[in-house]
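Welcome! Please take a moment to look over the sequence and the 3D structure before reading on.

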Amino acid sequence: MNRVSLNSLSVILFIVVFVSFIGGSASAFLRLQGIDGVIYAKEKGGSETSRTQELEELVEVLGVLESRIGEFEEQMGNIAMQVEKFEERIGELEAELEVWQEKCNDLELEKISLEEKIDELLSQRRPASDEEQTAGSNQGNQNSQSNPWGTAEDKLGGSMPVAYLTFDDGPSKNTIEVLDILKEENIQATFFVTGNNLSGEAGIYSRIVNEGHSLGNHTYTHDFTTIYRSVDNFMGDLLLLEDFLQDETGMTTNIMRFPGGGSSKLARKVAGYDIMDELIPEIIKNGYDYFDWNIDSGDGTGNLTAVEILENVKKGSERVTGDLVILFHDSCSKGTTVEALPLVIAELREKGYVFAPLNPGTVEAKHRKPSA
Ligand SMILES: [Zn+2]
């Protein structure tokens, strides 16, 4: 729009200059005609002296004309310079606008992820609906898709409830410490990793597998704005990490967690439609089971202290019946997660939980069930 008004401005300026130029030329022409008339009259009967005088006047008029043309040229030059400046300014404003639009997009994404968080917290506070309770009591089958939270009669721990500790987004500089703690406690957990190894240890993926933990696919780049743009993008990124993990560990993984979770509104926002409807069947077709969580340790938001993380898990375990799938983050800024880990383990042990890694079908923790 700016460019359009600038263009009209240049056109108007040009017309003004052109008209005054024509006007100037016309009056000069008329003056010349007048002089010619005089010269003609003088030729008829005038003297040599007045003829010379008229010629001098003519030369003077020509001089005036020339200087006028010079002025016009100067004015044109000034206008061209102004136009150039305007164009430059428009370019600057356009670049600024782009930055603001980007900021706006980021805020929009942040807003969605906060809304998602609120939804999740609200759904955790809400008691199970009648429908869910009925489905739970009628089945006793852990593979049924009607109960997203798993059941108390779940298997691995026999009569004992199981706590599945899950660590997202690693390997980070905390991974080694986390692995050391788990080893000391003789506990197996699950790591939903990306292709970005920030642990400083080349063989970290193998170490995770060799120590009996489950390695889950969390996409290679974890870049929301790219992976959720299309099914092809997502699957390309997921399979890239699958190949990478196979090279690293010599083994394949068949469990995954969607970045942001299976009910991610962020994914819908980026794709422009409910892409999970297509992604879930697609990853299942590729042999994967996917896991969300039923307890969020809260370490993904803000800078919680170890005690606050422990409190979140404690409260969560009082709310959830049956097995726990607990979300932690294995990223460089989450030092308090490492501090909280021994406390969380002690707390859950005291409550009678046993610990196990996730495998396909071990527990239902899906925020978004596969559509029938
Ligand atoms: Zn993640």
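Here is a short briefing on a core, a helix and a pair of strands. The model is predicted: local features need pLDDT of at least 70, side-chain atom pairs count only at pLDDT 80 or more, and totals for chains, interfaces and linings use all residues. Residues are numbered from 1 along each chain as its sequence is written.

**The nonpolar core**
- A nonpolar core is a set of buried Ala, Val, Leu, Ile, Met, Phe, Trp, Tyr and Cys residues joined through C-beta atoms within 7 Å.
- Buried means that 20 or more other C-beta atoms, placed from the backbone, lie within 10 Å of a residue's own, and exposed means 12 or fewer, with partly exposed in between.
- The largest such core has 58 residues, and A163, Y164, V325 and I326 touch the most other members.
- Helix α11 (residues 335–350) gives the largest share of this core, six residues.
- Helices (H or I, at least four residues) and strands (E, at least two) are DSSP runs, numbered from the N terminus.

**Helix α9 (residues 276–285)**
- M276, L279 and I283 are buried in this helix.
- Seen down the axis of α9, its buried residues fall within an arc of 60° (taken from the directions from the helix axis to the C-beta atoms), so they line one face of the helix.
- On the other side of α9, I284 and K285 are exposed.
- Just after α9, G287 takes a positive phi of about 90°.

**Strand β3 (residues 214–217)**
- S214 and G216 are buried on one side of β3, and L215 and N217 are buried on the other.
- β3 pairs with strand β2 (residues 190–193) in the parallel sense over four bridges; pairing requires at least two DSSP bridges between strands.
- In this pair, V193 stands opposite N217.
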